[in-house]
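Please read the points below with the structure open beside them.

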Amino acid sequence: MSGFDELIDGYRRFRGGAYLAQKARYDSLRSSQSPKTMIISCSDSRVDPAMIFDVGPGEIFTVRNIANLVPPFEIGGGRHGVSAALEFAVTQLEVENVVVMGHGGCGGVQAALTRKFEGAPAGAGGFIAHWIDLLDEARDRILHDHGGRVDRDVEYALELEAVKVSLQNLRTFPCIPEREASGKLRLIGAYFAIRDGVLHVLDETTGNFTPAG
């Protein structure tokens with residue numbers, strides 16, 4: 001697609017096709033939603049959670065941002081878009097699962113590794129730099145372990161680690177640990193490999209990601 005006109009063409013196809021086919025479903029969603037799962041994924045145009053998980057309207061509550069990151073619980077200045085969405089999903093919708101899904105070839109992870117936007121002013125890369133600095137500690141540790149080199153293996157390692165960082169930060173929100181402990185909520189780490197279309201799921205006991213099947 002090259003422009004908004006193409007999007008409108010797609011909308012017309014949707015109105016005449018998928019919308020009509022799922023009209024009963026949309027009617028049932030007019031006044032409320034009750035998704036069981038929240039997915040936090042990257043804004044990257046290649047990794048649409050609804051397509052990857054083949055779900056329809058009302059089935060997942062989705063937040064997308066650069067590098068699928070969750071900031072730690074904090075009170076203070078700035079806007080808290082991810083935190084607000086998380087709070088809404090967990091305390092109001094009472095979702096049963098929160099999935100953090102990373103992906104291959106993540107530009108945010110690449111920028112964290114190369115420090116491409118370091119020192120850039122706000123509006124010219126500075127917002128990106130301040131967002132992906134959530135990965136600074138993980139980046140430094142991985143670079144140290146790999147002798148300071150930056151290559152695809154190192155990018156891959158940080159892409160996986162970004163998922164773990166977000167899971168760790170999720171557990172700093174007071175509403176999360178209590179629900180995890182009672183069995184009301186499950187946190188899940190996942191990784192979508194664009195190169196082969198395979199989804200991998202994190203085993204937090206071993207720290208390894210394995211194909212979902």
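**Note on the predicted model**

Residues are numbered from 1 along each chain as its sequence is written, and side-chain values use heavy atoms, with hydrogens and water left out.

1. Helix α10 covers residues 175-182, and its buried residues are Cys175, Ile176 and Arg179. Viewed down the axis of α10, these residues fall within an arc of 90°, so they line one face of the helix. The arc is that of the directions from the helix axis to the C-beta atoms. Buried means under 20% relative accessible area, exposed over 50%, and partly exposed in between, with a 1.4 Å probe and protein chains only. Helices (H or I, at least four residues) and strands (E, at least two) are DSSP runs, numbered from the N terminus.

2. The buried residues of α10 pack against α5 (81-92), α9 (152-170) and β4 (186-193); contact means heavy atoms within 4.5 Å. Just after α10, glycine 183 has a positive phi of about 85°.

3. Helix α8 (residues 136-145) has Ala138, Arg139, Ile142 and Leu143 as its buried residues. They cover an arc of only 130° around the axis, which puts them on the same side of α8. An α-helix has 3.6 residues a turn, so residues three or four places apart point the same way. Glu137, His144 and Asp145 are exposed on the other side of α8. The cover over the buried residues of α8 includes α6 (107-114) and α9.

4. In what order do the six strands of the open sheet lie? The order is β2-β1-β3-β4-β5-β6, and the pairing is mixed. β2 (60-65) and β6 (208-211) stand at the edges with a single partner strand each, so one side of each has no neighbour in the sheet. Two strands pair if DSSP finds at least two bridges between them. Strands β1 (residues 37-42) and β3 (residues 97-103) run parallel and are joined by five bridges; methionine 38 has valine 98 in β3 as its bridge partner.

5. Helix α5 packs on the sheet, touching β1, β2 and β3, and its direction makes about 170° with that of β2. Helix α9 also packs on the sheet, where it touches β1, β3, β4, β5 (198-203) and β6; its direction makes about 160° with that of β4. Axes are lines fitted to C-alpha atoms, for helices over the stretch in contact, and angles run from 0 to 180 degrees between N-to-C directions.

6. Rings of Phe, Tyr and Trp (its six-membered ring) pair if their centres lie within 6.5 Å; planes under 30 degrees apart count as stacked, over 60 as edge-to-face and the rest as tilted. By this rule there are six aromatic pairs. The rings of tyrosine 156 and tyrosine 191 have centres 5.6 Å apart and planes at 80°, so this pair is edge-to-face. Tyrosine 156 lies in helix α9 and tyrosine 191 in strand β4, so the pair ties together parts that are 35 residues apart in sequence. Tyrosine 156 is partly exposed at 31% relative accessible area, whereas tyrosine 191 is buried at 1%.

7. How many disulfides does a search of the whole structure find? The search finds zero, a disulfide being a pair of cysteine sulfur atoms within 2.5 Å. For cysteine 106, the closest cysteine sulfur is in cysteine 42, 4.1 Å away and too far for a bond.

Terms used. Predicted model: local features only at pLDDT ≥ 70, side-chain atom pairs only at ≥ 80, totals over all residues.
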